[in-house]
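The structure is shown first.

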Amino acid sequence: MKRTPLIAGNWKMHLTIQEAVALAKEIAKSSQGLEDRKVMIAPAATSLNAVAKAVRESPVIVAGQNVAWKQQGAYTGEISPLMLKDAGADMAIIGHSERRHIFGEDNAMINQRMVGALTYGITPILCVGETLDERDDGLTWEVLKAQIREGMETIASEQAEKIVIAYEPVWAIGTGKTASKEQAQEAHLFIRGVLEGIYEKKLAEQMRILYGGSVKPDNVDDLMKMPDVDGALVGGAALQSDSFDRIIHFS
Ligand code: PGA
């Protein structure tokens, strides 16, 4: 089963509108002609629309960094899936470890976000990953299984095939400590097995699983060689056009 790799940049709470547009234009330029892979960027909500306009003529996909589950309403601070679409986004990161650990989002809320995104035509990237304590306590597989099973609850196969999963071990995010390619492959294979347990094998084989956590120009090639690593979710190294350019041109 051939899966088209996806390289996704998560800009987190960085860049002014002007800086975001400038970086987006560079990325649009370097993504030209890349037919065997997809490139996505997730700017802060304030620059989402300006970035979407800046990359409109390019193959670059624009995403929100989170998404609410209702079309509108009294949800101060949230952005609805319709608002994301309106601003020019087609995807949304959901359940990022910073949302889980700093803002207390749990699997049940993340599931609501997943269902809401799909209802309004936003493709989710569901982030999962264990903390260092959980890994040390031998809980990695249990944690990943619960995050996937509970995060994907009630999502039917027809919807699930679009979903992208990102495995991001919390201990590797922003720490410069990447999972080894073997650790990444082991976790991705496990995740595919969990998906196979929920849906059928064919569907699990179709779904993309990205690796995230200190992906850099010097480790992306090795990670991308692993059979179940279908792309990368990149934080720090996505904020500079030269390093992101090198990452999207992985071999
Ligand atoms: P990092 O962040 O590449 O800076 O480790 C990855 C992420 O949080 O998605």
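## Ligand site

The model is predicted. A backbone N or O atom of Gly 174 lies 2.6 Å from an oxygen atom of the ligand. For Gly 236, a backbone N or O atom is 2.9 Å from an oxygen atom of the ligand. Lys 12 uses its side chain: an N or O atom there is 2.7 Å from a ligand oxygen atom. On its own the ligand has 280 Å² of accessible area, and the protein covers 97% of that.

There are 13 residues around the ligand, of which Lys 12, His 96, Glu 168, Gly 174 and Ser 214 come nearest. By class, the shell has seven polar, four nonpolar and two charged residues.

## Helix H1

Helix H1 runs over residues 17-31. Its 15 residues reach 21 Å from first to last C-alpha, close to the 21 Å expected at 1.5 Å a residue. Just after H1, Gly 33 has a positive phi of about 80°.

The buried residues of H1 are Ala 20, Val 21, Leu 23, Ala 24, Ile 27, Ala 28, Ser 30 and Ser 31. Their cover includes strand S2 (38-42), helix H2 (48-54) and helix H12 (241-248).

## Helix H9

Helix H9 has 18 residues, 181-198. At 1.5 Å a residue it should span 26 Å, and the end C-alpha atoms are 26 Å apart, so the two values agree.

Buried residues of H9 are Ala 184, Gln 185, Ala 187, His 188, Ile 191, Arg 192, Val 194 and Leu 195. These pack against strands S5 (123-128), S6 (164-167) and S7 (208-212), and against helices H7 (140-151), H10 (201-206) and H11 (220-224).

How values were computed: Residues are numbered from 1 along each chain as its sequence is written. This is a predicted model: local features need pLDDT of at least 70, side-chain atom pairs count only at pLDDT 80 or more; totals for chains, interfaces and linings use all residues. Side-chain values use heavy atoms; hydrogens and water are left out. Helices (H or I, at least four residues) and strands (E, at least two) are DSSP runs, numbered from the N terminus. The expected span of a helix is 1.5 Å times one less than its number of residues. Buried means under 20% relative accessible area, exposed over 50%, partly exposed in between (1.4 Å probe, protein chains only). Contact means heavy atoms within 4.5 Å. A residue is near a molecule or strand if one of its heavy atoms lies within 4 Å of it. A polar contact is a pair of N or O atoms within 3.5 Å; within protein, one must be able to donate a hydrogen and the other to accept it, and residues adjacent in sequence count only if both atoms are side-chain atoms. Accessible areas come from the Shrake-Rupley method with a 1.4 Å probe; for residues, only the protein chains shown count as cover. Ala, Val, Leu, Ile, Met, Phe, Trp, Tyr, Cys and Pro count as nonpolar, Asp, Glu, Lys and Arg as charged, and the others, Gly among them, as polar.
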